[in-house]
Amino acid sequence: MRNLMKVFATTIVIAFGTLFLIVFVQQFSSKDDAESIISLDGLHVAPIDSSSQPVPDFSTYFDVTERKRAFFAYLQPEIQRQNEIVSKEREMVFALQEVYLQKQQFNKHQQKVFDLLAKKYHFTGDKPLNVEQTFESLIRRVDTIPEALILVQAANESGWGSSRFAQKGYNFFGLWCFKEGCGFIPKLRKDEAAHEVAKFRDLSHAVMTYIRNLNRHYAYKELRVIRQNLRQQDKPVTARALAAGLSSYSERGQEYIDELLSMLRVNRKHMDTAG
(Lines give C-alpha, C1' and ligand atoms only; values in the text may rest on other atoms or scores of the structure.)
Protein backbone atom coordinates (compact mmCIF):
# COMPACT_ATOMS: atom_id res chain seq x y z
CA MET A 1 0.00 0.00 0.00
CA ARG A 2 2.86 2.35 0.94
CA ASN A 3 4.61 1.59 -2.37
CA LEU A 4 1.39 2.32 -4.24
CA MET A 5 1.12 5.71 -2.56
CA LYS A 6 4.72 6.52 -3.49
CA VAL A 7 4.06 5.61 -7.12
CA PHE A 8 0.92 7.76 -7.14
CA ALA A 9 2.73 10.73 -5.58
CA THR A 10 5.62 10.39 -8.03
CA THR A 11 3.18 10.28 -10.94
CA ILE A 12 1.46 13.46 -9.73
CA VAL A 13 4.80 15.28 -9.35
CA ILE A 14 5.93 14.22 -12.83
CA ALA A 15 2.60 15.26 -14.35
CA PHE A 16 2.66 18.72 -12.78
CA GLY A 17 6.34 19.11 -13.64
CA THR A 18 5.66 18.22 -17.27
CA LEU A 19 2.71 20.61 -17.43
CA PHE A 20 4.80 23.42 -15.95
CA LEU A 21 7.60 22.74 -18.44
CA ILE A 22 5.18 22.80 -21.39
CA VAL A 23 3.67 26.13 -20.29
CA PHE A 24 7.15 27.56 -19.63
CA VAL A 25 8.45 26.51 -23.06
CA GLN A 26 5.29 27.77 -24.82
CA GLN A 27 5.59 31.18 -23.18
CA PHE A 28 9.20 31.66 -24.17
CA SER A 29 8.66 30.13 -27.59
CA SER A 30 5.76 32.52 -28.20
CA LYS A 31 7.88 35.46 -27.13
CA ASP A 32 10.79 34.40 -29.33
CA ASP A 33 8.46 33.86 -32.31
CA ALA A 34 6.92 37.29 -31.86
CA GLU A 35 10.30 39.01 -31.59
CA SER A 36 11.65 37.19 -34.64
CA ILE A 37 8.78 38.54 -36.76
CA ILE A 38 9.62 42.17 -35.96
CA SER A 39 12.08 43.09 -38.71
CA LEU A 40 12.25 45.90 -41.23
CA ASP A 41 13.80 43.45 -43.66
CA GLY A 42 10.65 41.35 -43.33
CA LEU A 43 8.63 44.12 -44.96
CA HIS A 44 10.52 43.83 -48.23
CA VAL A 45 8.72 42.19 -51.13
CA ALA A 46 10.62 42.11 -54.42
CA PRO A 47 9.45 44.82 -56.85
CA ILE A 48 7.73 43.86 -60.10
CA ASP A 49 9.47 44.99 -63.29
CA SER A 50 6.25 45.65 -65.18
CA SER A 51 5.10 48.14 -62.52
CA SER A 52 7.78 50.63 -63.56
CA GLN A 53 7.16 50.24 -67.30
CA PRO A 54 4.89 52.60 -69.29
CA VAL A 55 1.18 51.88 -68.89
CA PRO A 56 -0.12 49.69 -71.74
CA ASP A 57 -2.41 51.28 -74.29
CA PHE A 58 -5.57 49.33 -73.56
CA SER A 59 -7.38 51.01 -76.46
CA THR A 60 -5.53 48.66 -78.82
CA TYR A 61 -7.80 45.85 -77.63
CA PHE A 62 -10.90 45.90 -79.83
CA ASP A 63 -12.50 42.93 -78.10
CA VAL A 64 -14.07 44.13 -74.84
CA THR A 65 -13.44 40.86 -72.99
CA GLU A 66 -9.79 40.79 -74.01
CA ARG A 67 -9.38 44.40 -72.96
CA LYS A 68 -10.86 43.74 -69.53
CA ARG A 69 -8.67 40.71 -68.98
CA ALA A 70 -5.57 42.62 -70.08
CA PHE A 71 -6.45 45.48 -67.75
CA PHE A 72 -6.93 43.20 -64.75
CA ALA A 73 -3.84 41.16 -65.60
CA TYR A 74 -1.72 44.32 -65.65
CA LEU A 75 -2.89 45.49 -62.22
CA GLN A 76 -3.20 42.21 -60.33
CA PRO A 77 0.48 41.43 -59.65
CA GLU A 78 1.13 44.81 -58.03
CA ILE A 79 -2.12 44.69 -56.07
CA GLN A 80 -1.12 41.27 -54.73
CA ARG A 81 2.35 42.57 -53.89
CA GLN A 82 1.02 45.56 -51.96
CA ASN A 83 -1.47 43.40 -50.07
CA GLU A 84 1.38 41.05 -49.18
CA ILE A 85 3.32 43.99 -47.72
CA VAL A 86 0.27 45.06 -45.71
CA SER A 87 -0.17 41.48 -44.46
CA LYS A 88 3.43 41.49 -43.22
CA GLU A 89 2.85 44.84 -41.53
CA ARG A 90 -0.27 43.50 -39.85
CA GLU A 91 1.63 40.46 -38.60
CA MET A 92 4.24 42.79 -37.11
CA VAL A 93 1.58 44.88 -35.38
CA PHE A 94 0.35 41.81 -33.50
CA ALA A 95 3.92 40.69 -32.76
CA LEU A 96 4.76 44.13 -31.36
CA GLN A 97 1.59 44.11 -29.28
CA GLU A 98 2.51 40.73 -27.82
CA VAL A 99 5.99 41.94 -26.90
CA TYR A 100 4.61 45.12 -25.36
CA LEU A 101 2.01 43.26 -23.29
CA GLN A 102 4.76 41.06 -21.87
CA LYS A 103 7.42 43.71 -21.26
CA GLN A 104 5.60 47.08 -21.30
CA GLN A 105 8.45 48.44 -23.41
CA PHE A 106 10.32 47.94 -26.69
CA ASN A 107 13.99 47.60 -27.44
CA LYS A 108 15.55 50.09 -29.86
CA HIS A 109 14.82 48.04 -32.99
CA GLN A 110 11.24 47.26 -31.99
CA GLN A 111 10.61 50.92 -31.23
CA LYS A 112 11.86 51.82 -34.72
CA VAL A 113 9.43 49.39 -36.38
CA PHE A 114 6.56 50.57 -34.17
CA ASP A 115 7.28 54.22 -34.99
CA LEU A 116 7.49 53.47 -38.71
CA LEU A 117 4.09 51.76 -38.76
CA ALA A 118 2.51 54.43 -36.57
CA LYS A 119 3.80 57.14 -38.91
CA LYS A 120 2.69 55.38 -42.10
CA TYR A 121 -0.86 54.86 -40.85
CA HIS A 122 -1.21 58.20 -39.06
CA PHE A 123 -3.50 60.64 -40.84
CA THR A 124 -3.36 64.42 -40.65
CA GLY A 125 -5.71 65.54 -37.91
CA ASP A 126 -5.45 62.36 -35.84
CA LYS A 127 -5.39 63.07 -32.12
CA PRO A 128 -2.22 62.09 -30.19
CA LEU A 129 -2.48 58.49 -28.99
CA ASN A 130 -0.72 56.53 -26.27
CA VAL A 131 0.79 53.11 -27.05
CA GLU A 132 -2.36 51.14 -26.26
CA GLN A 133 -4.53 53.44 -28.38
CA THR A 134 -2.00 53.31 -31.21
CA PHE A 135 -2.27 49.51 -31.25
CA GLU A 136 -6.07 49.76 -31.42
CA SER A 137 -5.75 52.13 -34.36
CA LEU A 138 -3.14 50.01 -36.15
CA ILE A 139 -5.13 46.79 -35.79
CA ARG A 140 -8.10 48.55 -37.39
CA ARG A 141 -6.06 50.24 -40.13
CA VAL A 142 -3.28 47.83 -41.08
CA ASP A 143 -5.20 45.33 -43.14
CA THR A 144 -5.58 44.26 -46.75
CA ILE A 145 -8.13 45.47 -49.30
CA PRO A 146 -9.88 42.77 -51.37
CA GLU A 147 -8.25 42.50 -54.77
CA ALA A 148 -11.57 42.53 -56.62
CA LEU A 149 -12.58 45.83 -55.03
CA ILE A 150 -9.32 47.48 -56.08
CA LEU A 151 -9.73 46.19 -59.62
CA VAL A 152 -13.26 47.49 -60.15
CA GLN A 153 -12.44 50.84 -58.57
CA ALA A 154 -9.46 51.15 -60.88
CA ALA A 155 -11.64 50.29 -63.89
CA ASN A 156 -14.33 52.73 -62.78
CA GLU A 157 -12.04 55.65 -61.96
CA SER A 158 -9.76 55.32 -64.99
CA GLY A 159 -12.23 54.33 -67.70
CA TRP A 160 -10.57 50.92 -67.96
CA GLY A 161 -7.14 52.52 -68.12
CA SER A 162 -7.97 55.03 -70.86
CA SER A 163 -7.76 58.26 -68.81
CA ARG A 164 -4.75 60.53 -69.28
CA PHE A 165 -4.21 60.40 -65.52
CA ALA A 166 -3.72 56.63 -65.72
CA GLN A 167 -1.78 56.65 -68.99
CA LYS A 168 0.60 59.48 -68.03
CA GLY A 169 0.67 59.30 -64.24
CA TYR A 170 -0.30 55.75 -63.15
CA ASN A 171 -3.33 57.26 -61.38
CA PHE A 172 -5.99 54.59 -61.81
CA PHE A 173 -7.90 55.64 -58.67
CA GLY A 174 -8.81 59.31 -59.13
CA LEU A 175 -6.59 60.33 -56.23
CA TRP A 176 -6.03 64.03 -55.58
CA CYS A 177 -3.05 65.94 -54.24
CA PHE A 178 -2.88 69.53 -52.96
CA LYS A 179 0.68 70.75 -53.52
CA GLU A 180 1.18 72.90 -56.61
CA GLY A 181 2.80 70.87 -59.37
CA CYS A 182 2.09 67.51 -57.71
CA GLY A 183 -0.05 66.25 -60.57
CA PHE A 184 -2.41 67.18 -63.38
CA ILE A 185 -4.75 70.15 -63.30
CA PRO A 186 -8.25 68.88 -64.15
CA LYS A 187 -9.82 70.59 -67.15
CA LEU A 188 -13.12 71.07 -65.31
CA ARG A 189 -11.60 72.27 -62.02
CA LYS A 190 -13.46 75.22 -60.48
CA ASP A 191 -11.57 78.51 -60.22
CA GLU A 192 -11.49 78.47 -56.42
CA ALA A 193 -10.29 74.85 -56.26
CA ALA A 194 -6.63 74.07 -55.54
CA HIS A 195 -6.45 70.31 -55.96
CA GLU A 196 -4.66 68.43 -58.71
CA VAL A 197 -5.03 64.83 -59.87
CA ALA A 198 -2.00 63.08 -58.42
CA LYS A 199 0.83 61.85 -60.62
CA PHE A 200 2.75 58.78 -59.42
CA ARG A 201 6.26 57.63 -60.25
CA ASP A 202 5.10 54.07 -61.04
CA LEU A 203 2.26 51.60 -60.49
CA SER A 204 3.71 50.45 -57.17
CA HIS A 205 3.59 53.98 -55.79
CA ALA A 206 0.00 54.41 -57.00
CA VAL A 207 -1.40 51.18 -55.56
CA MET A 208 0.41 51.67 -52.24
CA THR A 209 -1.00 55.19 -51.91
CA TYR A 210 -4.53 54.03 -52.75
CA ILE A 211 -4.48 51.21 -50.18
CA ARG A 212 -2.94 53.45 -47.53
CA ASN A 213 -5.58 56.08 -48.29
CA LEU A 214 -8.44 53.64 -47.62
CA ASN A 215 -6.68 52.40 -44.51
CA ARG A 216 -6.07 55.72 -42.79
CA HIS A 217 -8.21 58.56 -44.23
CA TYR A 218 -11.06 59.61 -41.95
CA ALA A 219 -13.49 59.45 -44.91
CA TYR A 220 -13.19 55.64 -45.01
CA LYS A 221 -13.63 54.88 -41.33
CA GLU A 222 -16.86 53.05 -42.15
CA LEU A 223 -15.00 50.69 -44.48
CA ARG A 224 -12.47 49.93 -41.74
CA VAL A 225 -15.20 49.32 -39.15
CA ILE A 226 -16.96 46.89 -41.51
CA ARG A 227 -13.70 45.04 -42.07
CA GLN A 228 -12.85 44.89 -38.38
CA ASN A 229 -16.30 43.56 -37.50
CA LEU A 230 -15.91 40.83 -40.11
CA ARG A 231 -12.50 39.91 -38.68
CA GLN A 232 -13.89 39.72 -35.15
CA GLN A 233 -16.72 37.48 -36.33
CA ASP A 234 -14.25 35.30 -38.25
CA LYS A 235 -16.08 36.03 -41.50
CA PRO A 236 -14.46 36.60 -44.92
CA VAL A 237 -13.59 40.18 -45.83
CA THR A 238 -15.13 40.54 -49.28
CA ALA A 239 -15.15 43.23 -51.93
CA ARG A 240 -18.93 43.48 -51.77
CA ALA A 241 -18.91 43.97 -48.00
CA LEU A 242 -16.27 46.72 -48.05
CA ALA A 243 -17.83 48.52 -51.02
CA ALA A 244 -20.56 49.63 -48.61
CA GLY A 245 -17.96 51.78 -46.84
CA LEU A 246 -17.05 53.82 -49.92
CA SER A 247 -19.90 56.35 -49.98
CA SER A 248 -17.38 59.17 -49.45
CA TYR A 249 -15.17 58.11 -52.35
CA SER A 250 -17.46 59.81 -54.86
CA GLU A 251 -19.93 62.66 -54.74
CA ARG A 252 -22.47 60.17 -56.12
CA GLY A 253 -22.55 58.31 -52.80
CA GLN A 254 -24.83 55.26 -52.88
CA GLU A 255 -25.12 55.46 -56.66
CA TYR A 256 -21.35 54.99 -56.85
CA ILE A 257 -21.48 52.00 -54.49
CA ASP A 258 -24.27 50.41 -56.55
CA GLU A 259 -22.18 50.88 -59.67
CA LEU A 260 -19.19 49.16 -58.07
CA LEU A 261 -21.40 46.26 -56.94
CA SER A 262 -22.72 45.90 -60.48
CA MET A 263 -19.17 45.93 -61.87
CA LEU A 264 -18.14 43.27 -59.35
CA ARG A 265 -20.98 41.04 -60.45
CA VAL A 266 -20.39 41.47 -64.18
CA ASN A 267 -16.59 41.35 -64.23
CA ARG A 268 -15.71 38.69 -61.65
CA LYS A 269 -15.24 36.09 -64.39
CA HIS A 270 -12.67 38.27 -66.13
CA MET A 271 -10.66 38.68 -62.92
CA ASP A 272 -10.54 34.95 -62.36
CA THR A 273 -9.07 34.34 -65.81
CA ALA A 274 -6.71 37.32 -65.92
CA GLY A 275 -2.96 36.84 -65.59
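Does R231 count as buried, partly exposed or exposed, and at what relative accessibility? In this predicted model, R231 counts as partly exposed because its relative accessibility is 37%, which lies between the limits of 20% and 50%. The salt bridges, 9 in count, and the packing of helices α5 and α7 are set out below.

- R231 pairs with D143 in a salt bridge whose closest N and O atoms are 2.7 Å apart.
- This pair connects distant parts of the chain, 88 residues apart: R231 belongs to helix α8 (residues 221-232), and D143 to the loop between α4 (131-141) and α5.
- D143 is buried, its relative accessible area being 3%.
- A network of salt bridges links R90, D143, R227 and R231.

**Other salt bridges**
- K120 and E89 form a salt bridge, with 2.8 Å between the closest N and O atoms.
- Here too distant parts of the chain are linked, as K120 lies in helix α3 (residues 108-120) and E89 in helix α2 (residues 64-103), 31 residues apart.
- E89 is buried, with 3% relative accessible area.
- E259 forms a salt bridge with R252, the closest N and O atoms being separated by 3.2 Å.
- E259 is partly exposed at 31% relative accessibility, and R252 is partly exposed with a relative accessible area of 33%.

**Packing of α5 and α7**
- The axes of helix α5 (residues 147-158) and helix α7 (residues 203-216) come within 12 Å and cross at roughly 110°; the two helices are therefore roughly perpendicular to each other.
- Their crossing is right-handed.
- L149, I150 and Q153 of α5 meet Y210, I211 and L214 of α7.
- By class, this contact comprises 5 nonpolar residues, 1 polar residue and no charged residues.

Technical notes:
Residues are numbered from 1 along each chain as its sequence is written. This is a predicted model: local features need pLDDT of at least 70, side-chain atom pairs count only at pLDDT 80 or more; totals for chains, interfaces and linings use all residues. Side-chain values use heavy atoms; hydrogens and water are left out. Axes are lines fitted to C-alpha atoms, for helices over the stretch in contact, and angles run from 0 to 180 degrees between N-to-C directions. Helices (H or I, at least four residues) and strands (E, at least two) are DSSP runs, numbered from the N terminus. Angles under 35 degrees count as roughly parallel, over 145 as roughly antiparallel, 65 to 115 as roughly perpendicular and the rest as oblique. A crossing is left-handed if the near helix is turned anticlockwise from the far one by less than a right angle, and right-handed if clockwise. Contact means heavy atoms within 4.5 Å. Ala, Val, Leu, Ile, Met, Phe, Trp, Tyr, Cys and Pro count as nonpolar, Asp, Glu, Lys and Arg as charged, and the others, Gly among them, as polar. A salt bridge is a side-chain nitrogen of Lys or Arg within 4 Å of a carboxyl oxygen of Asp or Glu. Buried means under 20% relative accessible area, exposed over 50%, partly exposed in between (1.4 Å probe, protein chains only).
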